[in-house]
Amino acid sequence: MAITTQGAQVFVRFALAGGAAAAANWIAGRLLEPLTGLDASIVLAYGVGMITAFVLNKVFVFDKSGRAAGEEFARFALVNVLAVGIVWSVTALL
C-alpha cells in the first residue's frame, strides 16, 4: 500500500491538529486546576481539547461531509464522552 503525497499531507495536518488539541487540553488543565480542583479540571480541560480537536480537524483536515456541523459535533462528542471517563480514571489512579 503506497502512501500518496496528499495522504501524507492529511496525516501531517491531522497530527498537528491533535497536537494542538492536546496542548490546549494540557494548558487548560493547568489553568483550571487551582480554580476548580483536579477532578473538575480534568473534565473541563478535556472539553477544551475536544472542542479544539473538532474545530481544527473540521477546518484543516477532513473534507466536507454534507452533515450539519451540530450533528457532526454530537457524534464526535459521543465518542469523547466515553473517553473522558477513561482519562479521568487513569489520572485519578496516578
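1. Helix packing, H1 on H2. The axes of helix H1 (residues 5–36) and H2 come within 7 Å and cross at roughly 155°. H1 is therefore roughly antiparallel to H2. The cut-offs: under 35 degrees is roughly parallel, over 145 roughly antiparallel, 65 to 115 roughly perpendicular, and the rest oblique. Axes here are lines fitted to C-alpha atoms, for helices over the stretch in contact, with angles from 0 to 180 degrees between N-to-C directions. The crossing of H1 and H2 is right-handed.

2. Between H1 and H2, the contact has 16 nonpolar, seven polar and two charged residues. Nonpolar covers Ala, Val, Leu, Ile, Met, Phe, Trp, Tyr, Cys and Pro; charged covers Asp, Glu, Lys and Arg; the others, Gly among them, are polar.

3. Basis. This is a predicted model, in which local features need pLDDT of at least 70 and side-chain atom pairs count only at pLDDT 80 or more, while totals for chains, interfaces and linings use all residues. Residues are numbered from 1 along each chain as its sequence is written, and side-chain values use heavy atoms, with hydrogens and water left out.

4. Overall build. Helices (H or I, at least four residues) and strands (E, at least two) are DSSP runs, numbered from the N terminus. The C-alpha trace spans about 45 × 25 × 20 Å along its principal axes. Of the 94 residues in the protein chain, 21% are buried. Buried means under 20% relative accessible area, exposed over 50%, and partly exposed in between (1.4 Å probe, protein chains only).

5. Aromatic pairs. Rings of Phe, Tyr and Trp (its six-membered ring) pair if their centres lie within 6.5 Å; planes under 30 degrees apart are stacked, over 60 edge-to-face, and the rest tilted. By this rule the count comes to three aromatic pairs. Phe54 and Phe73 have ring centres 5.1 Å apart and planes at 80°, so this pair is edge-to-face. The pair links distant parts of the chain: Phe54 sits in helix H2 (residues 38–60) and Phe73 in helix H3 (residues 69–93), 19 residues apart.

6. Phe54 again. With Phe76, Phe54 forms a tilted pair, 5.5 Å centre to centre with 55° between the planes. Phe54 lies in H2 and Phe76 in H3, so this pair ties together parts that are 22 residues apart in sequence. Ring pairs link Phe54, Phe73 and Phe76 into a cluster. How accessible are its members? Phe54 counts as buried at 13% relative accessibility. Phe73 is partly exposed at 27%, and Phe76 is partly exposed at 26%.

7. Asn80 is placed in helix H3. Is Asn80 buried or exposed? Asn80 is buried, with a relative accessible area of 15%. Its side chain joins that of Tyr46 through a polar contact of 3.1 Å. Such a contact is a pair of N or O atoms within 3.5 Å; within protein, one must be able to donate a hydrogen and the other to accept it, and residues adjacent in sequence count only if both atoms are side-chain atoms.

8. Sequence separation against distance, from H1. Gln9 lies in helix H1 and is partly exposed at 45% relative accessible area. Gln9 and Val61 are 52 residues apart in sequence and 9.0 Å apart in space, C-alpha to C-alpha. Phe14 is also placed in helix H1. Phe14 is partly exposed at 43%.

9. One more pair, from H2. Val48 lies in helix H2. Its relative accessible area is 34%, hence partly exposed. The C-alpha atoms of Val48 and Ala22 are separated by 9.3 Å, and the two residues are 26 residues apart along the chain.

Conventions
Left-handed = near helix turned anticlockwise from the far one by under 90°.
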